[in-house]
Amino acid sequence: MDDKVYDVTKFLEDHPGGDDVLLSATGKDASDDFEDVGHSDSARAMMDEYYVGEIDASTIPTKVKYTPPKQPHYNQDKTTDFIIRLLQFLVPLAILGLAVGIRFYTKSA
């Protein structure tokens, strides 16, 4: 909290909010979590007995922006597209030819 390190292991069982609250704030800056609850002055005074030291800013890793891996451009095969367009033209034409043939055959008979 506030660039200071505290070891609250001995306080886990005695914490009024339960140990889950303290455990969820481990390994990170818990300043906002501590302030959001609105701790009393006596709670702030108790922190001195759990004080370990200051954070060395040079050991904090810098945040790296995520860049997704480059993927090769997918070149879709144009043959399937050509076949689909051809079938979209030929199937209705075949149905029309079949209908005309049936009509012509039934009319002449």
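Good morning. I begin with the surface, where Asp-3, Asp-29, Asp-32, Asp-36 and Glu-54 come together in a patch of negative charge. Please bear in mind throughout that this is a predicted model.

Asp-29 sits in the loop that runs between helix H1 (19-24) and helix H2 (31-37). Is Asp-29 buried or exposed? Its relative accessible area is 54%, and because the cut-off for exposed is over 50%, Asp-29 counts as exposed.

Of its 109 residues, 11% count as buried.

Phe-11 provides a case of burial. This residue is placed in the loop between strand S1 (4-6) and H1. With a relative accessible area of 14%, Phe-11 is buried, since buried means under 20%. Phe-11 and Met-46 are 35 residues apart along the chain, and their C-alpha atoms are separated by 10.0 Å.

Which residues does the UniProt annotation "transmembrane region" cover? According to that record, an unreviewed entry, the annotation covers residues 82-105. In the predicted model, the chain over residues 82-105 is 100% helix and 0% strand.

Thank you for your attention.

Note on methods:
Residues numbered from 1 in each chain as written. Predicted model: local features only at pLDDT ≥ 70, side-chain atom pairs only at ≥ 80, totals over all residues. Heavy atoms only, no water. Patch = residues over 30% accessible without salt bridge, like charges linked within 9 Å, V, L, I, M, F, W, Y side chains within 5 Å. Areas by Shrake-Rupley, 256 points an atom, 1.4 Å probe, with all protein chains shown as cover. Salt bridge = Lys/Arg side-chain N within 4 Å of Asp/Glu carboxyl O. Lys, Arg positive; Asp, Glu negative; His and termini not counted. Charge placed at Lys NZ, Arg CZ, Asp CG, Glu CD. Helix = DSSP H or I, 4+ residues; strand = E, 2+ residues; numbered from the N terminus. Buried < 20%, exposed > 50% of the residue type's maximum accessible area, 1.4 Å probe, protein only. UniProt positions renumbered as here; feature names shortened; annotations may be inferred.
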